[in-house]
Amino acid sequence: MTVRATIYSIFRGRKLATFGALWLCVIAIAAIGAQFIAPFDPLEIDPIARLTEPGLPYLFGTDHFGRDTFSRAVYGARMALIIGFGSVIVALVCGGLIGLLSAYFSTLGHFLMRIIDVLMAFPALLLALVLMTLLERSVLNTVIVIGIVYATTTARIFFGMTLKLKNEVFIDAARCSGASHSSILFKHILPNLWSPLLVQASFIFAFAQLQAAALDFLGLGLPPEVASWGNMLAEEKIYITRAPWLLMFPGALIILSVFSMNLVGDAMRDSIDPRFKNDIAGV
Amino acid sequence: MQCGTALILGLKTILQVCSVALLELDNLNIAVASKDKLLPVVHDCSLSLAEHETLGIVGESGCGKSLTALAIMGLLEGSQVKITSGSIVFDGQNLLEMKPSRRRLIMGDRMAMIFQEPMTSLNPVYRIGDQIIEVIRQHRRISNQGAKQRALELLELVKIPQPEDRINSFPHQLSGGQRQRVMIAIAMACDPALLIADEPTTALDVTVQKEVLDLMLDLQQRTGTSIILISHDLGVIAETCNEVAVMYRGRIIEKARTRQLFSHMAHPYTRGLLASIPSVVTDTDWLEAIPGRVPTIDEQLSGCAFHPRCAHTKTSCSQTEPPLIEVQEHHAVRCHFAGEI
Amino acid sequence: MADQPLLEVKNLSTHFKTKSSASFTARTVVKAVDDISFHINPGEVLSLVGESGCGKTTVGRTLTKLTQHSIGKALFRGQDILPMSQAQFRPLRREIQMIFQDPFASLNPRLTIQQTLAEPLFIHKLVSSRDAAIQHIKEILEKVGLDASIMKRHPHEFSGGQRQRIGIARVMIVQPQLVIADEAVSALDVSIQAQVLNLIKQLQRDNGISMLFISHDLGVVRHISDRVAVMYQGKIVETANKHDIFDNPQHSYTKKLLAAIPKVPTYQGALSHAT
């Protein structure tokens, strides 16, 4: 009941955000049921049907190997979800812990936050590129790199909010009760960060899509054989005049998904915890 | 002969009515908009304030005392809180029927307000002199030099030491008491006829509180301003005001001249309030606390607003709301059994 | 042993270093507490009064080790608590408890009342099972005048007075020897303040607790304390039993403080309202 009430309070009167949420549901369904929804194997090559225009049976047409673009798009949704959730977990766990611990133990904080500052001096994409060149192209490495890139901003946000929270009277009260450091950190401070954490997650999810697409496009992201929207763009970019649909569909999917996630994130931010508006605006 | 006396008496009354009532609230009702309904927060509030008088409004948080003040000042505009009926007559004009642009001319000029938090009500990025000058020049055609001269006079009036230096200070460079003095200087800038002070000393230490209250009374002596002092502190009210109105849950439950009130408290709530304050003069072993808590504004209550906490409740108390009845001249009480208990 | 004070503070000073506004490197030392000494006997209530910034809050925070950088001695049952590490002090936290001023800030908004009250029980191993904890919580809630059914609710559902009762329950549930009450009733409305004061006084007497009652409100102080220490600019300027402080003050600051309080005219009828 409370979950339903929360969802209602987030989307009530926010039409665009509701649309965004619906679109994300469609993506999620496509991702989970990819093998049932996709009419063809995304890797199956049909040389006779190269660069077919959209129609039947190839809904979104075929690429220059004759692979079905629709099936690849559906499997791309699965990849998008993996990248999104993976990056969110890496970013929140690493960044969250660094921010939390840095703010709570000030000596450690002086050291850790300087490293974060240095990392934040790099533009996000540049940092991701540098890290990717050091690693092999793989799904796991892409997730880790994007996660690390967004762990920096997450750490900053958590640092600021923990600093504020640790001076709250109820933290003093917990200390007077004899609570240990770990109990104060994880029982008293962390639960008060849930809502900003959720909002931050939604933004990382959106930005991770863009970042992953950019890395794929530059040939440094996922391995080329993986069906992802970024890879589809990268491989078919030379056919932009002959077969524009090959770029239109994955491009539109990326834009729509990122846009939807941002709308949902905004709505969550505004409704769940207006206090944290300013803390998160900097992402 | 008799006819002449009656005429003179009649004229006197007319003159009194004209000159005496500076401010009249008549059955003022205020409600706050919540979701889809209006929750009443101030009920049928009727007050009148004569010139040179000090009226104290006392009550606990949420009793509607601050909202009444904000309504008089015209600061409810654009908020969730709406005046639903009644009138506020100031200087013979009904403020609620006035255009906002005309009303703004009165605010800060004929009527001024000071707030509880002297830090937040001053703008931290401007020098205090500039903040005083701004108010003066908003209401008076006066040169910058003249306004500055007036600002210096005002700082002297509120007894800020070395006004020539202090006029260039920023708010954070002053102590809490000095900031409240600056606020008073700003409020007094245009010689207002009415000064509304909403908990002006609550954030201050007792010794500073005494200085600020003394200053307000001293200024009243000199300029003849009427004051509405809003406070939760019966002691402050008793030492400062001529008249007192006690509010509970949006209603005035007792109003009287201060001396009358403290010698013949008639409402059980007023008595309970006084009994709740531990005295500094005598020893108390146990406080006769009022039981229960103030109901929240969205709780529906029939009858007298105080009946669930009252020791004298009878059946009629929960059925009909008592009107405000005069038990003596100048002493009105909202209780069914006002004279009896 | 019987006449040994429960708490004896000797020459306590707390200095804070603050950045000077004049330059980036210069630091000024603020003496928040400057060489004060006092003691509290078992079962006694000592009030520490003074105006804001006089250092009274720092004394309370020093004795609960929420603030460090103190010199001097604070002997609790003869044992100096100041040089102790947090880990060494932890067992003593059960015996030295604190009631905070702001009932809205002192309860974790994310925890239920049950979670808040169970925490100290488990930390100090006063109960071994969940059921025992709940039993304890029920008893203490009844003692502070709250219904046991509120356990599953969150702090935001309660009024200021109710929250302060919960705060008191959290303190009393571990059966402390010394309670430090820092402006414990200052944030409450007058009628609620009286209820909570009565509650504190009753619990203090029934359990023979010693108390350091920190307040700026002299009426409240007269009501609750046995002895009073007046603080001014980091120093204790006068300590005496309460009748001497209020009826025969010696120090000029005490006199000034007493003179500044707005007096409520006493009215006999006020005391009979409950009859």
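How many helices and strands does chain C have? In this predicted model, chain C has 10 helices and 10 strands.

**View 1. Overall extent of chain C.** Along its principal axes, the C-alpha atoms of chain C fill a box of roughly 55 × 55 × 45 Å.

**View 2. The interior of chain C.** Of the 275 residues in chain C, 56% are buried.

**View 3. The surface and charges of chain C.** Chain C has an accessible surface of about 11,900 Å². Carbon and sulfur atoms account for 50% of that surface. Chain C carries 32 positive and 24 negative charges. The mean position of the positive charges lies 6 Å from the mean position of the negative charges.

**View 4. The contact between chain C and chain A.** Chain C brings 23 residues to this contact, and chain A brings 20 residues. About 1,800 Å² is buried between chain C and chain A, with 52% of this area given by carbon and sulfur atoms. Which three residues supply more than any other three of the area that chain C buries against chain A? They are N108(C), R110(C) and E119(C), which supply 30% of that area.

Conventions:
Residues numbered from 1 in each chain as written. Chains lettered and ligands numbered in written order. Predicted model: local features only at pLDDT ≥ 70, side-chain atom pairs only at ≥ 80, totals over all residues. Heavy atoms only, no water. Helix = DSSP H or I, 4+ residues; strand = E, 2+ residues; numbered from the N terminus. Buried < 20%, exposed > 50% of the residue type's maximum accessible area, 1.4 Å probe, protein only. Areas by Shrake-Rupley, 256 points an atom, 1.4 Å probe, with all protein chains shown as cover. Lys, Arg positive; Asp, Glu negative; His and termini not counted. Charge placed at Lys NZ, Arg CZ, Asp CG, Glu CD. Contact = heavy atoms within 4.5 Å. Buried area = accessible area lost by both parts, 1.4 Å probe.
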